[in-house]
Each structure stands twice: as C-alpha cells, then as structure tokens.
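Dear colleague,

I am handing over the structure we spoke about, and my notes on it follow below. Please read them alongside the coordinates.

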Amino acid sequence: MGRYDGHSKPMVQVADKPLVGYAIEAMLFCGISTIYVIFSDYSKDIITLQDQYEGQHLRFIYQKNVTGSLSSLSFALSVVNPPFIMMDADIIIQPRILKQALDNYVYQGEDMAIAAVTAPTFPNKKPLHIKDGCPIDFYGKGYACPNTKHDTFCQGGMVYLWFRSPKAELAELERDGMRRMSLFLNDYMKTHQVNTFAIRDLWDVDTPEDIYASVKILRGAPDIDEGDL
C-alpha cells in the first residue's frame, strides 16, 4: 500500500485508530508484559504513539536496514527470547478474541504455532493448508481446495507463537536473499514441529479498499463493543 493519507501503513487511521493500535491494544488486554514495536525509517511516524501508550510496557525499537518481514523477525531475536508472541502490524484483531485464543491454547512441546482463523469476516490472500491437524504450508490466492476429509484450508498466519528461536534458520535464509515470511514458514513447517491455535477472527489490511471494508465492518458489526473501535 505504501504511504497513505500521509501515514506509513501501520499508522493509517482505521475507524479512528492507527492500524497498529489494534495489535498493540489486543496484546495489552491479554496482559503481555513487554511489547516491542519494531520500526524503520519508513514507519518512523509510529514514534508518535509513545505518548499515547506511556507507561504501558511498550518499547519502540529502531531497525536501520529492513529488507522484509524476515529481517524484522531476525532483528527482534536480538531483544527478546522465546517464548513470545509475534504479530503483524497491519491486522485488525479484537482484544477479547485474542485472549480467548491464547486461553484455550495448549502447548504440546512444538517449536512454534500459527494462528488459524475459524470464522473470518474478511478474506485473506493466503490460505493455510492444514493436514491431519498440522499446518503444511501457505497457498496463494485462488488455490482450489481438494475435497478430502483430512485436508482443510483456512485463513492463517499474522499471529505466531514462538517457543524455540529460529535464529539459525533465518541467518541462512537471509544470506540467500529470502524475504517473505510465508516462504520461510513453508520450509520451516517441513522440518520443525509446528502446530496451529484456533482464533475466531482477524484479518490483514493491505490496500485502501481493505481500509474502507474494515471501517464498515468495525462500525457495523453488532458483536463489537463501542470501546473496541
């Protein structure tokens, strides 16, 4: 989307709140002790949120050389150790929905877990392929879902639980020039123990059209309290 209405993508206003505010406030609602907000020169306007969230366990960390979401994950591992929750800065998620998902999740010794959306109100671009209860990979838009009893496809990603550091794997892939999170995870799922955790609803915002649709959903959805908008 690039810059929109004078703002970087995380700071675009969606229903009278900066987009990144939805992720931040959902994590604060869940009682997460420290939230690291990683930003670059492109998104330096995010610093204006420091006053708004003063005293609420947020730390704003500047990353100079950003080459994609993988580089930001690698950078985050220099300031935080697993277990931790990683969330994209361009998602709409309601606080109670995230808390319910985390409260219901049972850790079983996996390396990481990926959010699987059970009742999305807004379609995502990359469905997550789940086979026999385990995530297999992400598929691009338009993939035809086979009609099998053991395969399901749902909206997935955007929220990740890390229980083991992927630092070694990331260092190798960055040398090869890989930048896309979905491609990295597709390889990671083949060689590591990865699970999913069910979350009722969330979606990403990638275009101006997504902004308009999100505002309409947030202001018109009957099950969202006014205080969440």
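The confidence score used here, pLDDT, is the predictor's own confidence in each residue and runs from 0 to 100; it applies because this is a predicted model. Among the elements of the protein, helix H4 has the highest mean pLDDT, at 96, while helix H5, residues 167–175, has the lowest, at 78. The protein as a whole averages a pLDDT of 84, and 86% of the residues score at least 70. Two stretches call for caution: over residues 141–148 the pLDDT is below 50, and this stretch has four contacts in the model beyond near neighbours in sequence, whereas residues 222–229, where the pLDDT is also below 50, have 15 such contacts. Where pLDDT is low, the predicted coordinates should not be read in detail.

Turning to helix H4, which spans residues 95–104, its buried residues are Pro-95, Ile-97, Leu-98 and Ala-101, and these pack against helix H1 (19–29) as well as strands S3 (84–87) and S9 (194–199).

I also looked at Asn-124, which sits in the loop between strand S5 (112–117) and strand S6 (127–131). Asn-124 counts as buried because its relative accessibility is 19%, and the cut-off for buried is under 20%. Leaving aside residues up to four places away in sequence, Asn-124 touches Gln-155, Gly-156, Met-158 and Asp-204. Asn-124 and Asp-206 are 82 residues apart in sequence, and their C-alpha atoms lie 9.9 Å apart in space.

With best regards

Terms used. Residues are numbered from 1 along each chain as its sequence is written. This is a predicted model: local features need pLDDT of at least 70, side-chain atom pairs count only at pLDDT 80 or more; totals for chains, interfaces and linings use all residues. Side-chain values use heavy atoms; hydrogens and water are left out. Buried means under 20% relative accessible area, exposed over 50%, partly exposed in between (1.4 Å probe, protein chains only). Helices (H or I, at least four residues) and strands (E, at least two) are DSSP runs, numbered from the N terminus. Contact means heavy atoms within 4.5 Å.
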